[in-house]
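Subject: Handing over the two-chain model

Dear colleague,

Please find below the structure we talked about, with its sequence. My notes follow it, and I would be glad if you read them with the model open beside you.

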Amino acid sequence: MHELSLSSAIVNTVAKHADGRRVTVVNLRVGRLRQVIPDTLEFYFAFVARDSVCEGARLVQEVIPARLRCRGCDHEWAIEIPAFRCPACAGSDVVIASGDEFEVESIEVEEVACIAPR
Amino acid sequence: MHRTKVRVVEEALDANNTIAAANREDFDRAGVTVVNFMSAPGAGKTTLLERVVTALPGVRVGVLEGDVQGSMDADRLASLHVPVTQINTGSGFGGECHLDANMVRSAIPSLPLHDIDLLIVENVGNLVCPAEFRIGEDVRVMVSAVTEGVDKPLKYPLMYRACELIIVNKIDLLPHVDVDLHHLLYNIDQVHPDVERIVLSARTGEGVEAWREWLGRIAHREGAMTVG
């Protein structure tokens with residue numbers, strides 16, 4: 001459901017970097033912890049992209065696995081379910097090593113060849 | 001025509017975060033502590049505010065109400081003679097399911113920032129989107145009603161992890177629902193270990209004193225940090 005708002009955020013971010021050029025591909029890095037459903041994001045993205053530089057662009061999503069690190073004992077582990085207590089020392093000073101990204105990594109744009117006036 | 005790859009590497013929510021930081025600066029300058037108050041629809045946010053907004057000695061409270069439609073919640077709080085500002089996120093039918101930094105920014109001119117110490121922003125009832133959008137708050141608080149079941153922390157970890165305080169409400173209904181309070185608290189601890197929790201009933205008033213004290217504390221804590 002938040003995919004609609006997230007799609008708008010993607011289009012706005014891309015528009016800043018596209019500089020008016022038409023965008024053909026948007027490469028996105030999405031952490032597992034962001035609770036994003038890829039199909040839903042793709043659906044809303046296509047909708048929000050209409051009448052913007054992103055219209056018709058393909059959204060490529062790289063899903064980043066969730067990894068946590070305990071600052072108490074330095075244990076690092078991957079999680080599949082949302083359990084954030086350290087399994088090694090039961091500590092709670094746990095940080096997300098990866099998996100909370102929601103980042104436009106790169107875009108592909110069409111360049112109109114520049115014809116120098118003579 | 002040819003294609004070029006452009007490196008971006010930018011959090012897609014950076015634009016929102018930038019506006020949120022500007023809001024935070026305005027609030028800090030006015031010496032106002034801001035609480036982003038969130039929950040699923042019907043978890044009891046408005047009732048919990050009714051219980052405490054006029055009972056904080058030395059703390060002048062204002063409320064910013066976010067709702068998709070209508071001013072029912074705002075009217076309830078305004079009847080307590082607390083300054084209430086309303087943002088409707090909807091236009092006609094449907095509307096945004098959360099407040100974002102920009103909506104709050106546009107409401108700032110109509111907020112009585114110089115006459116309040118604590119601003120409570122009652123977000124749109126929703127356990128998903130509000131967790132994604134900072135609005136310039138100092139702290140995030142959520143209400144989790146026992147009637148929602150024990151599995152909600154596991155289903156909406158982003159929200160449960162985003163908050164500094166989790167209020168477990170409606171404990172007066174525990175005898176009537178198949179919900180084990182300890183199981184719910186265990187799941188909260190799994191998702192957000194050692195997060196501060198207050199277990200209460202907004203209806204009977206049991207535990208509400210702890211919520212009132214907590215609000216009084218953070219109003220002073222953040223206020224003290226921003227003096228000067």
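Predicted model: local features only at pLDDT ≥ 70, side-chain atom pairs only at ≥ 80, totals over all residues.

Along the principal axes, the C-alpha atoms of chain A fill a box of roughly 70 × 35 × 15 Å. Of its 118 residues, 35% count as buried, and among the contacts in chain A between residues at least 6 apart in sequence, 72% join residues at least 24 apart.

Turning to where the chains meet, 28 residues of chain B are in contact with 29 residues of chain A. On the chain B side, the elements that give two or more residues are strand S1 (2–11), helix H1 (14–29), helix H6 (157–162) and helix H7 (181–191), and the largest share, 10 residues, comes from S1(B). The residues on this side of chain B divide into 15 nonpolar, six polar and seven charged. S1(B) also pairs with strand S6 (residues 102–111) of chain A, in the antiparallel sense and over eight bridges, and within this pairing Glu110(A) stands opposite Arg3(B).

Within chain B, strand S2 (residues 33–39) is largely enclosed by the rest of the structure, because seven of its seven residues are buried. Both of its faces are covered, with Thr33(B), Val35(B), Phe37(B) and Ser39(B) buried on one side and Val34(B), Asn36(B) and Met38(B) buried on the other. S2(B) pairs in the parallel sense with strand S5 (residues 118–122) of chain B over five bridges, where Val35(B) stands opposite Ile120(B), and S2(B) pairs in the parallel sense with strand S6 (residues 139–145) of chain B, again over five bridges, where Ser39(B) stands opposite Val143(B).

Finally, Arg203(B) is found in the loop between strand S8 (196–199) and helix H8 (208–226) of chain B. Arg203(B) is partly exposed, with 15 other C-beta atoms within 10 Å, and its C-alpha atom is separated by 25 Å from that of Gln69(B), a residue 134 positions away along the chain.

With best wishes

Conventions
Residues numbered from 1 in each chain as written. Chains lettered and ligands numbered in written order. Buried ≥ 20, exposed ≤ 12 C-beta atoms within 10 Å, placed from the backbone. Contact = placed C-beta atoms within 7 Å. Helix = DSSP H or I, 4+ residues; strand = E, 2+ residues; numbered from the N terminus. Nonpolar A, V, L, I, M, F, W, Y, C, P; charged D, E, K, R; others polar. Pairing = 2+ DSSP bridges.
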